[in-house]
2 protein chains.
Amino acid sequence: MKKFTIILAALCIGLSAHAQQALFGGPGVESPVINADGTVTFRYQAPKAVKVEVTGDFMPMEKREVEFNGQKMTFEAPGVGVLKEGKNGVWEYTTPFVVAPEMYTYTFRVDGLTTIDPNNVFVNRDIASLTSVLLVPKAGERSDLYAIHRVPHGSVSKVWYHSDMAGFDRRLTVYTPAGYENGKGKYPVLYVLHGIGGDEDAWVTQGRATQILDNLIARGEAKPMIVVFTNGNISQEAAPLETSTGYDRPTMQLPQTMEGSFETSFPEVVKFIDSHYRTIAKKQSRAICGLSMGGFHTLYITLNNPNLFNYSGMFSAAIGTGSEQTAAHKEIYEDVDGKLARYFAAKPALLWIGIGKTDFLIQSNNEFRAKLDAAGYPYTYMETEGGHIWKNWRIYLTEFVPLIFK
Amino acid sequence: MKKFTIILAALCIGLSAHAQQALFGGPGVESPVINADGTVTFRYQAPKAVKVEVTGDFMPMEKREVEFNGQKMTFEAPGVGVLKEGKNGVWEYTTPFVVAPEMYTYTFRVDGLTTIDPNNVFVNRDIASLTSVLLVPKAGERSDLYAIHRVPHGSVSKVWYHSDMAGFDRRLTVYTPAGYENGKGKYPVLYVLHGIGGDEDAWVTQGRATQILDNLIARGEAKPMIVVFTNGNISQEAAPLETSTGYDRPTMQLPQTMEGSFETSFPEVVKFIDSHYRTIAKKQSRAICGLSMGGFHTLYITLNNPNLFNYSGMFSAAIGTGSEQTAAHKEIYEDVDGKLARYFAAKPALLWIGIGKTDFLIQSNNEFRAKLDAAGYPYTYMETEGGHIWKNWRIYLTEFVPLIFK
């Protein structure tokens with residue numbers, strides 16, 4: 001066995017000589033640790049650091065003020081935990097509270113510089129930012145849907161379709177439910193749209209959408225369905241480093257995000273899916289939902305194609321931003337009243353609206369709901385705590401999916 | 001537009017309040033930058049740091065000595081570049097040499113602590129270590145195969161199969177070539193195996209295998225084929241955070257890695273693929289290859305199933321480690337001479353062996369080749385510069401794939 005151990009050591013060195021610390025550092029620093037009492041301990045080894053803090057959406061929210069373009073804005077942000085230095089330069093912080101079952105992201109701030117947790121390989125990218133992931137599942141709680149269980153798993157595929165609007169091939173993420181590959185049955189399709197700056201990866205990484213689908217289907221709480229995660233930035237081929245353009249840094253200031261191109265071209269995605277997968281290709285078996293910019297896209301794709309979707313979900317929809325007024329494809333955003341009338345005349349099964357109480361978009365969503373109320377158009381509404389955050393979008397997906405294709 | 005800008009700002013804040021630095025930091029720090037003259041500049045913002053270094057496999061190799069379990073070992077490791085502090089606490093290092101076209105990984109060392117590049121969202125996980133990615137493609141060079149081009153793209157899927165050996169469902173990565181989904185044709189299948197500590201993600205992230213396949217097929221240099229990336233750690237369901245066991249830290253000391261279980265159970269993977277995909281289910285249309293532990297697996301899966309694979313590739317194969325002697329499934333490793341005789345009697349089209357000149361496994365590979373030579377068994381051999389590194393494994397894949405299914 002000794003020979004094998006030496007070989008193993010040599011393998012380690014060979015594989016990642018410049019990163020061997022994490023492999024060779026003895027027992028290493030464990031972080032994060034979910035403690036038996038429900039608190040969470042974070043550790044960071046930095047013998048020379050002066051100050052080490054941790055922050056993330058597991059911390060209670062605090063009000064803060066920032067100035068942006070000369071305007072003062074108040075917003076809520078997570079609080080900060082201060083780590084204390086122990087032996088061997090290992091800093092530590094244990095939450096003075098039980099961390100509720102949920103999926104969180106967090107970062108350390110070491111002498112003012114933000115960094116991920118080097119002892120946690122579970123990292124999400126949120127647009128241009130990397131954050132470490134803390135998943136606290138608990139049986140019986142909603143967050144249990146975000147964990148992987150020993151249930152039949154669907155397949156998650158990165159697939160390319162040709163977009164005539166874009167003029168190039170673009171990437172989609174496609175979930176096919178367990179049993180799809182070796183079966184012959186046809187399935188309904190849910191289209192799920194991301195927010196500004198996001199891409200076709202976002203719902204699968206931060207949204208835990210494929211775990212949610214696996215678990216809801218396994219429990220019998222959702223119908224087996226194909227789920228398609230689009231890239232709503234029509235100027236992009238795909239997520240960063242998956243494109244022919246190389247080192248594009250992810251940004252929220254992409255061209256052609258909320259100016260009608262994506263909405264106009266959306267039927268080409270539906271056509272691709274219906275021609276490449278065993279779908280039930282009719283309105284009764286099609287649903288669409290999206291968060292923030294994706295909620296905005298969902299609204300206008302639905303209104304401009306009143307016979308395409310039977311179920312539509314607007315999650316913290318970015319309506320009322322004024323972007324429609326300078327749109328390249330203005331026609332997508334015109335005659336909303338007429339389009340609403342034709343959409344509801346076609347008797348959709350569900351228009352679902354969800355938003356957080358402190359979301360900065362709640363006013364525009366309230367105005368939109370007032371318009372629906374005044375016309376007597378039916379919809380389902382859910383208001384949650386908190387703001388414009390992934391926690392809410394995961395909740396909305398778990399609420400929306402069981403309601404569709406019944 | 002002003003309203004939209006404010007909304008955009010609010011979106012940023014809402015999305016990642018604890019990581020806003022990367023979104024709001026003005027023009028930000030650009031790193032890495034591939035300069036016109038072929039050098040590369042790395043930058044790191046750390047106003048309070050005393051020393052900032054960068055290292056990675058783009059640097060020339062240096063000899064170093066380490067002590068492990070009381071034994072002194074000499075190994076090669078990449079050199080270190082020292083950054084100089086400029087204004088605003090931005091440290092900078094430009095290579096004094098042209099960085100050859102290739103895919104590299106790198107990390108910073110800030111006052112002794114290893115960290116990824118916070119301005120580069122392109123991160124690979126190598127077992128338990130995160131490293132930043134530097135891709136330097138160049139038309140006409142091999143590294144151009146690692147870049148994404150506007151060619152037809154295959155689909156990359158995460159798929160689960162049931163393993164009777166493991167007793168649970170396990171995850172595979174499956175590449176289906178462009179045209180598979182909406183066609184009816186049958187395809188040959190290549191199985192690609194990772195090294196110790198790796199998983200079903202490794203070849204797709206660090207190996208750039210799906211880009212290599214897309215590009216070789218588009219050039220007409222490889223046949224369209226299905227490619228299956230297995231997880232060779234039979235005790236695992238899947239890559240970290242994709243399993244029901246939660247926060248398992250990746251490790252090279254997993255049980256059941258090189259003791260015969262994976263090799264014994266491999267036919268269940270082939271059976272699953274043949275029953276779920278449109279494969280040409282015969283020896284002439286099956287190939288297998290693997291790196292390090294995966295090369296070891298490749299050898300024994302091939303020898304124990306002499307009529308399963310027509311093409312086998314051993315990349316820096318971890319043979320001669322002695323692990324066979326304590327194996328749970330000893331029979332897999334017994335009677336190598338007899339198995340070799342039966343394997344070659346069945347006239348395989350290709351046994352391909354590749355290894356680096358300074359690989360610590362070259363001696364055991366030389367011994368194995370001497371055995372083949374003595375018996376007059378044919379094989380193809382490639383020796384490259386360097387050691388036990390991903391650069392070589394990508395090269396071997398680009399060499400092996402054009403030779404199969406001819």
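**Chatting through a predicted two-chain model**

Modeller: Let's start with a sheet in chain B: 4 strands make an open sheet in the order β1-β2-β8-β7, with antiparallel pairing. Strands here are DSSP runs of E with at least two residues, helices are runs of H or I with at least four, and both are numbered from the N terminus. Two strands pair if DSSP finds at least two bridges between them.

Biologist: Which are the edge strands?

Modeller: β1 and β7 (84-85) of chain B, since each pairs on one side only. Elsewhere in this sheet, β2 (residues 40-45) and β8 (residues 90-94) of chain B run antiparallel and are joined by 5 bridges. Tyr44(B) has Trp91(B) in β8(B) as its bridge partner.

Biologist: Before we go on, what should I know about the model and its numbering?

Modeller: It is a predicted model, where local features need pLDDT of at least 70, side-chain atom pairs count only at pLDDT 80 or more, and totals for chains, interfaces and linings use all residues. Residues are numbered from 1 along each chain as its sequence is written, while chains are lettered from A and ligands numbered from 1 in the order in which they are written.

Biologist: Thanks! What about β14 in chain B, how many of its residues are buried?

Modeller: 7 of the 9 residues in β14(B) (residues 168-176) are buried, so the strand is mostly covered. Buried means 20 or more other C-beta atoms within 10 Å of the residue's own, exposed means 12 or fewer, and partly exposed is in between, with C-beta atoms placed from the backbone.

Biologist: And which strands does β14(B) pair with?

Modeller: β13(B) (residues 155-163) is joined to β14(B) by 9 bridges, running antiparallel. Ser155(B), for instance, has Thr176(B) as its bridge partner. The two strands form a hairpin with 4 residues between them, and Gly167(B) in the turn has a positive phi of about 90°. β14(B) also pairs with β16(B) (residues 226-229) in the antiparallel sense, over 3 bridges. There, Thr173(B) stands opposite Phe229(B).

Biologist: Switching to chain A, how is it divided?

Modeller: Into domain 1 (28-136) and domain 2 (145-403), with bounds from an automatic or database domain assignment. The centres of the two domains, taken over C-alpha atoms, are 30 Å apart. In all, 9 residues of domain 1 of chain A are in contact with 16 residues of domain 2 of chain A, contact meaning C-beta atoms, placed from the backbone, within 7 Å.

Biologist: Which elements give two or more residues to the domain 1 side?

Modeller: β9 (102-110) and β11 (123-126) of chain A.

Biologist: Where is there a cis peptide bond?

Modeller: One joins Ser31(A) and Pro32(A), with omega about -5°. Pro32(A) is in the loop between α2 (21-24) and β1 (33-34) of chain A. In chain B, a cis peptide bond joins Ser31(B) and Pro32(B), with omega about -5°.

Biologist: Which residue other than glycine has a positive phi?

Modeller: Ser292(A) is one of them, with phi near 55°. Ser292(A) sits in the loop between β17 (286-291) and α6 (293-304) of chain A. Asn88(A) is not a glycine either and has a positive phi of about 60°.

Key: Two residues are in contact if their C-beta atoms, placed from the backbone, lie within 7 Å.
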